[in-house]
Amino acid sequence: MVTIRRSVKYPESTDSYRIGQRPRVRVSIADYGVGNLHSIRKALELAGARPVVESNMRNLLDADAIVFPGVGAFDAAMSKLDRYRDIILDRLMAGTPCLGICIGAQILFEGSDEGDMPGIGLIKGRVVRLSAKRVPHMGWNEVRSDDGMFAGVPSPYFYFAHSYCGRPEEDVTMGITDYEGEFPSVFRKKNVLGVQFHPEKSSASGATFLRNYVKYLEEKL
Amino acid sequence: MLTKRIIPCLDVTDGKVVKGVKFENLEGIGYPPELAQAYEKQGADEIVFLDITASVDARKTLLESVERTAEKLFVPLTVGGGIRSVEDMRTALKAGADKVSVNSAAIASPELIGECAREFGKQCVVVAIDAKREGDKWMVHTHGGRRRTELDAVSWAGEAEDRGAGELLLTSMDADGTAEGYDIELTAAVADAVSIPVIASGGCGGPEHMYEVFQQTGASAALAASIFHYGTWTVAQVKEYLRDRGVVVR
């Protein structure tokens, strides 16, 4: 593996940085124009990636990987992405790695009960309202998954904040969470990973998850 | 299974965390970024940052302080104080808040709740309710507890939910600062009336009070300030206490 050596120090150096090595993986974070992208950018940086917040959706596709962040409502996100649905879908099908978080995972489906707009449509199925008594499902809950992204997480608890969840009609469920009944909380379709929780808000477990993800991206490059 | 959340609260004025007794006699404790990080390390599930002078002095939330706090925090941060519009909320979210709480402004113009929910998703919108007992009900107060409204706390909670609130931050003004326990009746009444999560606040003097509020009410989270600020209890100790008694915590 070729690494580019540089003598400059990177800020916020943590154990995730191999000293002197420049973060290689360029990750575009889609800016739908609503909400806090600060957390996911910061968390990806700490995980060893080079994140860029991208408000021009066409430029999203130039990066090594795309992150659809977990902010806003379904239609708010899709109204920003709608024009580019076909090229985004093409690119994801062609193998560009993508991580969808919360609403960013939901938009990978064909549509949602939360909104009127169609989703990206990569995953067959719809996003439906949670059936639990108290919604939003807000707080820390257990994710049961054998996916490699969870290797070494210090605790199985991750932070959730959502009222809807994806119900895939194909075999893409990689993790499950129980909130008055089980719902799928991790999806994987080849190069595309979707999580209903917020790794960027999940303290040490989220940091490990994102570090695993960035390592996976590095290996793919 | 969804765990019960333990939430340290930072009441902030002039960039410093203070602890007031019954909304008065404010005493300086420390700075928000350091305290927030320390609480995350202890196992805090979330941090609430309230600019307690914002409404009173008609100032905007102390965005700089929010930014510095969010910078190194990897658990959710709720910011409140002086939020009056969708744009105020956007600014707070851009500064690093994950959720924003509205109080006085939501009462002055209730449609604000729905506007924020449509724009940012309801999981971002926390409606804070400060309630004070009057006979057999509780009346909502605004402006840091200084101004009484004609709103009944339980029915206002229901309206806030209908309008798109994702969560309620319910503070008992009677209990606040007493360290004698949460207002169980108020918390139970509100939690039963709504189907969104309710954060119990005001009166926590130790983990026994959190146990009590989780056992006797439908509260999803318990907020506390002084027991953490003064180091009487760490978040980890509180959680151990609760876990030993069968409360599911992270």
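## Terms and model

Two strands pair if DSSP finds at least two bridges between them. Strands (E, at least two residues) and helices (H or I, at least four) are DSSP runs, numbered from the N terminus.

This is a predicted model, in which local features need pLDDT of at least 70, side-chain atom pairs count only at pLDDT 80 or more, and totals for chains, interfaces and linings use all residues. Residues are numbered from 1 along each chain as its sequence is written, while chains are lettered from A and ligands numbered from 1 in the order in which they are written.

## Sheets of chain A

One open sheet has three strands, in the order 5-6-10 (chain A), with mixed pairing. Strand 5 (111-112) and strand 10 (164-168) of chain A are its edge strands, and each pairs on one side only. Strand 5 of chain A runs parallel to strand 6 (residues 125-129) of chain A, and two bridges join them. A:G111 has A:R126 of strand 6 of chain A as its bridge partner.

Another open sheet holds eight strands of chain A, ordered 2-1-3-4-13-12-11-8, and its pairing is mixed. Strand 2 (50-54) and strand 8 (144-145) of chain A each have a single partner strand, so one side of each is left without a neighbour in the sheet. Three bridges pair strand 1 (residues 26-30) of chain A with strand 3 (residues 65-68) of chain A in the parallel sense. Opposite A:V27 stands A:A65 in strand 3 of chain A.

## Helix pairs of chain B

Two packed helices are described by the angle between their axes and the distance between the axes. Axes are lines fitted to C-alpha atoms, for helices over the stretch in contact, and angles run from 0 to 180 degrees between N-to-C directions. Angles under 35 degrees count as roughly parallel, over 145 as roughly antiparallel, 65 to 115 as roughly perpendicular and the rest as oblique. A crossing is right-handed if the near helix is turned clockwise from the far one by less than a right angle, and left-handed if anticlockwise. Residues are in contact if their C-beta atoms, placed from the backbone, lie within 7 Å.

Helix 1 (residues 32-42) and helix 2 (residues 63-71) of chain B pack at about 30°, with axes 8 Å apart. They are therefore roughly parallel to each other. Their crossing is right-handed. Helix 1 of chain B contributes B:P32, B:P33 and B:A36 to the contact; helix 2 of chain B contributes B:S65, B:R68, B:T69 and B:E71.

Helix 3 (residues 86-94) and helix 5 (residues 111-120) of chain B cross at roughly 45°, and their axes come within 10 Å. That makes helix 3 of chain B oblique to helix 5 of chain B. This crossing is right-handed. The contact joins B:V86, B:M89 and B:L93 of helix 3 of chain B to B:E115, B:C116, B:E119 and B:F120 of helix 5 of chain B.

## Contact between the chains

Chain A gives 33 residues to the contact, and chain B gives 29 residues. On the side of chain A, helix 1 (38-46), strand 7 (137-142), strand 9 (157-162) and helix 5 (203-220) each supply at least two residues. Strand 7 of chain A has the largest share, six residues.

## Confidence

The model scores ipTM 0.94 and pTM 0.92. The predictor's confidence in each residue is pLDDT, from 0 to 100. Chain A averages 90, with 90% of the residues at 70 or above. Residues 1-17 of chain A fall below 50, and this stretch has 16 contacts beyond near neighbours in sequence. Where pLDDT is low, the predicted coordinates should not be read in detail. Chain B has a mean pLDDT of 92, and 94% of its residues reach 70 or more.

Note on methods: Two residues are in contact if their C-beta atoms, placed from the backbone, lie within 7 Å.
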